[in-house]
Amino acid sequence: MDVIVVGGGATGLAAAYLLRRNGADVTVLEASPEPGGLLSTFEVGEKAEAGEEARLEYFYHHFFTHDAEINWLLGELGLEDEAIFRPTTMGMMRDGEIYPFDGPADVLTFGAMSFQARLRFGMSAAMLTYLPGFEDDEETSALEWFHRWAGKEATETIWEPMMDVKFGDAADQIPIAWMAGRLRQRARSRDGTEEKLGYLKGSLQVLVDRLVEVLRKGGVEVRCNAPVEQLITSDGRVTGAQTPEGTLEADAVLSTIPTPILAGLVEDINGQYASSLREIEYMGAICTILSMEEPLSPVYWLNVADPGYSFGGVIEQTHLIPPEEYGGRHLAYLSRYVSSDHPLWSKGDDELFSRQISELKRLFGREVKPIVDDHWIFRGRFAAPITGLKFSEKIPSYDTPIPGLYMAAMPHVYPDERSTNNSIRIAAAAVDRMGLDSSFVPDGISLASKYA
């Protein structure tokens, strides 16, 4: 069986690995100069060991102790000893003060709300995390539910700012099913109040490089700078793909690219299917990465619940991986999800950085610019789908209505959150739908692929 995999990100590379395990002849076509997709990295300097390159992802990444699929793949590739699991902390910035936010005791001492609001917040979060049924409720808006059960004060103080940063104008359309899935994922990674997160020595570039190495040694062709310009059909069946370098024939094509891009490729083959794919809207992501002489805060993940900031999260990578691994630099992400028509999306890098430096001074009450020695800004247009009410009705099937064409993409992760682990999970589900064996991939406790 000859298979073309369109897209060389985590899903595409994992699918190629599983397909090759089934004996398929596989070609991966990636439009970018390098494989990796949202796992792509850049050089941030040298490690403490002279001459050894330190790399970091454009967009922050970690995985969980309970992520069965990625831990399995690391073992398959001989990388299990490269996995690092370390305890991390979470905080909430409100009214200019950082509050620890790692467990029930922290909620009860969260001074930005009244005691009654803290109790209601804790009760409602526990309901979503531990009581059955909420992960299936796609008809109730999360914010509507929070107003009812957490109350006005807790919703306006915590939930509304966090949902606005994640989904913008669509925040009031996100179902409680999505929030329940997210809270349950985080709860499973905790041992009491301690949460351990996973990372790889040398960044997730190590996983990408090893996957590509193993694929190529196994006979898989991984082509970069090879965008698919057109899907080739014969008698209504997809039989290959056209790239700038020529046409490739195949028995099947598996697309792992964002659904709006796939829609453009199938428009002339099945217009109705293309329209259904375009109904899925995406949020883009903007990540500013700061290199500093010292940390900004004492916590790994700081949620910014105060209004008026161009970022909603401050994720300090060097509270997970020591600064010694980055030549002594302290690294932090300033994260924000925005739609493509949001003013921040079109703002120039220099203007955005200048604004954020001013915002950091306001946020932390001190000058930050003197400790910043470098910065980088990255944008990802298709960072996450907007998972609105009854989103499961929009999720396309792995086997498309076009014979010979299969697909696996971020919408399949719903109601869970996008992650490298879930990319592997949906790759396995797509390979199974192609009639091949993926039963050797462990079925973890993720909710991804539930509706496909």
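**View 1. Helix H6 (152–167) and strand S20 (372–385) each supply at least two residues of the lining of the largest cavity.** Helices (H or I, at least four residues) and strands (E, at least two) are DSSP runs, numbered from the N terminus. This is a predicted model, in which local features need pLDDT of at least 70, side-chain atom pairs count only at pLDDT 80 or more, and totals for chains, interfaces and linings use all residues. Residues are numbered from 1 along each chain as its sequence is written, and side-chain values use heavy atoms, with hydrogens and water left out. The largest cavity holds about 120 Å³ of space. Its lining includes Lys 166, Phe 167, Trp 178 and Arg 418. By class, the lining has 7 nonpolar, 1 polar and 4 charged residues. Ala, Val, Leu, Ile, Met, Phe, Trp, Tyr, Cys and Pro count as nonpolar; Asp, Glu, Lys and Arg as charged; the others, Gly among them, as polar. On a 1 Å grid over the protein atoms alone, a cavity is a set of points where a 1.4 Å probe fits but cannot get out; a pocket is an open set with protein on both sides within 12 Å along at least five of seven lines; lining residues have an atom within 4 Å of a point.

**View 2. The second largest pocket holds about 890 Å³ of space.** It is lined by 42 residues. Nearest its centre lie Gly 9, Gly 37, Leu 38, Thr 256 and Pro 258. S20 gives the most to this lining, with 4 residues. The lining divides into 22 nonpolar, 15 polar and 5 charged residues.

**View 3. Helix H5 (residues 142–149) passes H6 in a right-handed crossing.** The two axes come within 8 Å and cross at roughly 160°. H5 and H6 are therefore roughly antiparallel (over 145 degrees). Axes are lines fitted to C-alpha atoms, for helices over the stretch in contact, and angles run from 0 to 180 degrees between N-to-C directions. A crossing is left-handed if the near helix is turned anticlockwise from the far one by less than a right angle, and right-handed if clockwise. Among the H5 residues that meet H6 are Phe 146 and His 147. Contact means heavy atoms within 4.5 Å.

**View 4. Helix H1 (residues 10–21) passes helix H2 (residues 68–76) in a left-handed crossing.** Their axes come within 13 Å and cross at roughly 60°. Tyr 17, Leu 18 and Arg 21 in H1 meet Trp 72, Leu 73 and Glu 76 in H2. This contact has 4 nonpolar, no polar and 2 charged residues.

Note on methods: Grid points are joined across faces, edges and corners, and a volume is the space filled by probe spheres set on the points. Angles under 35 degrees count as roughly parallel, over 145 as roughly antiparallel, 65 to 115 as roughly perpendicular and the rest as oblique.
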